Amino acid sequence: LTASGGGTYLWSTGETTAAITVSPAGTTTYTVTVTSAEACSATASATVNVVPVPLVNAVANQTYCVGASVPSVVFTSSTPGAVFNWSRTNEAIGLPTTNGTGNVPAFTATNAGITPLTATFTVVASVTSDGITCTGTPIQFTITINPTPQVNAVVSQTHCAGAVVPSIVFAGNVPGATYSWTRTNEAIGAIATAGSGSVPSFTATNAGVAPLTSTFTVTASYTNNGVTCTGTPITFTITVNPVPTVNAVASQTYCAGASVPAINFTSNVPGVVFNWTRTNVPIGGIPTMGVGGVPTFIATNPGTTPISSVFTVTASYTNNGVTCTGAPMTFTITVNPTPVVTPVPNQTYCAGANVPPIFFNSNVPGAVLTWTRTGDDIGLGPVSGTGNIPPFTGINNTTGPLVATITVVATFTSNGV
């Protein structure tokens with residue numbers, strides 16, 4: 001401050017020079033008294049207006065998920081009347097502008113990538129007084145938008161009861177994401193109904209007669225700066241088909257020439273398909289394998305001992321393109337041979353002659369031979385018997401020949417038939 005026009009000077013600061021230098025902390029009025037050599041004096045004053053340097057109050061860094069509503073960032077300062085100007089780096093966080101005056105407007109967070117997007121904001125406050133603008137030191141803060149993690153699709157699976165279901169390892173678009181899963185509570189195996197990370201391997205179970213399906217829901221989460229963002233869940237299913245069994249069929253025995261009825265198989269599981277094979281024994285005009293039931297046929301046995309064909313039957317159930325086959329069931333069809341009596345020639349004896357025993361034989365070992373006689377009384381006491389005819393003495397008290405007819409039947413029994 002400079003005064004003039006006098007001989008001596010006295011400032012309100014106590015200084016006595018014509019010019020003084022002042023550095024007030026705030027707006028201050030200074031006075032000076034000027035005295036001439038003639039002892040005349042005059043007093044004047046000057047006000048120094050001090051414009052404060054404004055500071056922006058600190059703003060905390062912020063992190064949001066994609067789609068979140070980011071509220072307006074309101075700036076404050078200890079200096080009344082401060083004007084705020086801000087700018088930011090040009091990341092596509094959803095805010096359409098990269099600079100502005102006043103507060104940062106609200107916007108909806110975006111992030112089209114797979115890593116966090118961080119925009120750095122720089123804010124300065126300024127105050128203008130008497131045409132002088134004073135600008136403070138800038139502050140900075142960040143707004144980070146986390147990516148939205150997604151789980152890659154998992155194909156639904158179908159397994160047979162008893163199969164080992166492999167572990168299901170999840171993957172997604174965002175590195176570092178974590179996965180959590182839940183499932184509906186069907187008894188598909190020794191596996192929890194919720195978990196984190198992969199679904200562990202387990203052995204499939206199905207105690208019923210229809211497919212069991214458990215629906216899995218998987219969610220990916222990504223955490224950054226203490227903020228966790230969760231993606232849209234995906235779902236897939238694990239289906240466990242039942243393993244069918246063939247209901248038991250009793251083994252059967254028939255005589256050669258008998259009509260063997262069709263054999264229709266049944267199972268504990270509806271909708272199964274039956275496949276059967278048999279050992280290649282000539283029991284009749286029937287193939288050695290087939291699908292469905294065994295057709296009716298005429299039993300044959302060209303030999304002299306029983307013959308048996310072993311049938312093996314399996315039931316298969318198909319669902320979702322996966323076929324599950326149960327344990328095979330076996331039974332036999334036995335065809336007994338037809339016993340034939342070895343022919344015996346007709347015989348003639350004189351009355352009083354000793355008729356020797358008559359021995360019967362059959363083509364089938366073990367056959368039982370029974371006989372009956374009809375016609376005249378020739379001296380053979382019994383009219384029927386089993387085995388051979390015993391010796392006897394022929395009698396004839398008539399004047400003409402006596403004739404007795406012997407009928408022999410061979411019978412063979414096996415498996416109660």
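Me: Which residue in β3 is the bridge partner of Tyr30?
Reply: The model is a predicted one, in which local features need pLDDT of at least 70 and side-chain atom pairs count only at pLDDT 80 or more, while totals for chains, interfaces and linings use all residues. Residues are numbered from 1 along each chain as its sequence is written, and side-chain values use heavy atoms, with hydrogens and water left out. Strands are DSSP runs of E with at least two residues, numbered from the N terminus, and two of them pair if DSSP finds at least two bridges between them. Eight bridges join β2 to the antiparallel strand β3 (residues 41-48), and within this pairing Thr29 has Thr47 as its partner, whereas the partner of Tyr30 is Ala46.

Me: Which residue in the turn between β2 and β3 has a positive phi?
Reply: The two strands form a hairpin, with five residues between them. In that turn, a positive phi of about 70° belongs to Ala39.

Me: Which residue in β30 stands opposite Thr370?
Reply: Another open, antiparallel sheet of three strands has the order β30-β29-β32; its edge strands are β30 (384-386) and β32 (404-411), each pairing on one side only, and its twist averages 15° from one strand to the next. Strand β29 (residues 368-375) pairs with β30 in the antiparallel sense over three bridges. The residue in β30 opposite Thr370 is Thr386.

Me: Which strand contributes the largest share of the lining of the largest pocket?
Reply: A pocket is an open set of points on a 1 Å grid over the protein atoms alone, where a 1.4 Å probe fits and protein lies on both sides within 12 Å along at least five of seven lines, and lining residues have an atom within 4 Å of a point. The largest pocket has a volume of about 700 Å³, volume being the space filled by probe spheres set on the points, which are joined across faces, edges and corners. Of its 28 lining residues, the closest to the centre include Gln347, Ile378 and Ala404. The largest share of the lining, four residues, comes from β32.

Me: Is Thr63 buried or exposed?
Reply: Thr63 is found in strand β4 (residues 62-65), and its side chain is joined to that of Asn225 by a polar contact of 2.9 Å. Such a contact is a pair of N or O atoms within 3.5 Å, where within protein one must be able to donate a hydrogen and the other to accept it, and residues adjacent in sequence count only if both atoms are side-chain atoms. Buried means under 20% relative accessible area and exposed over 50%, with partly exposed in between (1.4 Å probe, protein chains only). Because its relative accessibility is 15%, Thr63 counts as buried.

How values were computed
Axes are lines fitted to C-alpha atoms, for helices over the stretch in contact, and angles run from 0 to 180 degrees between N-to-C directions.
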